[in-house]
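Subject: The model I promised you

Hi,

Here is the structure for you to open on your side. Have a look at it first, then read on.

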Amino acid sequence: MSTLPRDQFVAGIRAELPIVLGVVPFGMIFGAVAVSGGLPFALAQAMSAVIFAGSAQFIAAQLMNVGTPIFVLLLTTLVVNLRHLLYSASLAPHTRHLPLRWKMALAYLLTDEAYAVTIIHYNEADTPPATRHWFFLGAGLALWSAWQASTALGILLGARIPASWALDFALPLTFMGLVIPTLRDRPHLAAALSAGLVAVAAAAWPYKLGLMAAAITGILVGATLEARGRRVALRHRAGEEDAL
């Protein structure tokens with residue numbers, strides 16, 4: 001792949017486009033739900049521009065509609081978005097060389113979908129670290145643009161989107177198609193399965209805490225198996241050296 005910033009930027013957009021197809025229906029649903037619940041059009045659109053986090057926006061809109069105290073609203077959305085700490089920790093080794101302005105811009109654009117394609121690119125691409133952040137920028141801006149446009153479309157359509165369309169199922173399907181090809185070894189597969197089981201078992205937990213529990217479980221399982229695999233490999237290598 002080309003090392004030019006422009007080519008990296010375009011590659012990021014292209015990598016994000018398949019996910020955008022699943023995000024657009026989700027954004028339309030948010031816009032429709034927000035205005036149907038009584039939020040002004042401008043506020044509903046501003047939430048997508050300022051918060052830029054689908055699940056947090058849905059919950060915030062619902063809590064605002066029922067007059068939830070501001071402290072409870074802020075705490076709930078904070079808990080829902082705690083998974084971004086895991087994303088940022090994963091990306092930190094790849095972005096630590098960037099100036100503060102770049103880190104702030106990429107932090108704003110960091111979402112589930114942008115992280116998914118970016119971390120794969122960072123781990124697999126043979127391009128130098130000096131230009132990889134342009135890929136991140138392209139992926140993030142592609143998703144941001146689609147989310148703003150789909151929110152606006154949902155606001156305009158309002159409650160006229162039939163519930164029978166079940167558009168909210170498009171995003172999970174998109175993520176499944178993205179994640180499955182990356183499960184290439186035992187630690188990755190075990191991490192995905194354990195996280196999925198915990199997510200299902202803890203689906204009823206309040207404040208979406210089940211998602212955090214699932215993420216932490218997947219990380220611990222994957223890290224444990226990878227560390228065990230490295231120890232086995234080191235012992236095997238030491239045995240070969242002793243035999244020589």
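Below is what turned up, going from the overall fold to single residues.

First, some housekeeping. This is a predicted model, where local features need pLDDT of at least 70 and side-chain atom pairs count only at pLDDT 80 or more, while totals for chains, interfaces and linings use all residues. Residues are numbered from 1 along each chain as its sequence is written, and side-chain values use heavy atoms, with hydrogens and water left out.

The fold
The protein has 11 helices and 0 strands. Both kinds of element are DSSP runs numbered from the N terminus (helices are H or I with at least four residues, strands are E with at least two). Of the 244 residues, 39% are buried. For burial I use relative accessible area with a 1.4 Å probe and protein chains only: buried is under 20%, exposed is over 50%, and partly exposed is in between.

Helix α7
Take α7, residues 112-124. Its end C-alpha atoms are 19 Å apart, which agrees with the 18 Å that its 13 residues should span at 1.5 Å a residue. (The expected span is 1.5 Å times one less than the number of residues.) Helix α7 is largely enclosed by the rest of the structure, because 10 of its 13 residues are buried. Among them are Y115, V117, I119, H121 and Y122. H121 has its C-alpha atom 8.1 Å from that of F135, 14 residues apart along the chain. F135 sits in helix α8 (residues 129-157) and is buried too, at 4% relative accessible area.

Another contact to look at
S194 belongs to helix α10 (residues 186-201) and counts as buried at 14% relative accessibility. Between S194 and G218 there are 5.7 Å from C-alpha to C-alpha, with the two 24 residues apart in sequence.

Which residue has a positive phi although it is not a glycine? F52 does, with a phi of about 50°. You will find F52 in the loop between α2 (41-50) and α3 (54-65), and at 5% relative accessibility F52 counts as buried.

Surface patches
Patches here are made of residues with over 30% relative accessible area and no salt bridge, joining like charges within 9 Å and nonpolar side chains (Val, Leu, Ile, Met, Phe, Trp, Tyr) within 5 Å. Areas come from the Shrake-Rupley method with a 1.4 Å probe.

- The nonpolar patch consists of I70, F71, V72, L74, L75 and L78, with about 600 Å² of accessible area together. L78 is in helix α4 (residues 70-80) and is exposed at 52% relative accessible area.
- The positive patch is formed by R228, R230, R231 and R235. Lys and Arg count as positive, and the place of an Arg charge is taken as CZ. R231 lies in helix α11 (residues 209-243) and is partly exposed at 44%.

Salt bridges
Side chains of opposite charge can pair when their charged atoms come close. How many salt bridges does a search of the whole structure find? The search finds 1, counting a side-chain nitrogen of Lys or Arg within 4 Å of a carboxyl oxygen of Asp or Glu. The partners are D7 and R6, with their closest N and O atoms 3.9 Å apart. D7 is partly exposed at 26%, whereas R6 counts as exposed at 61%.

Cheers
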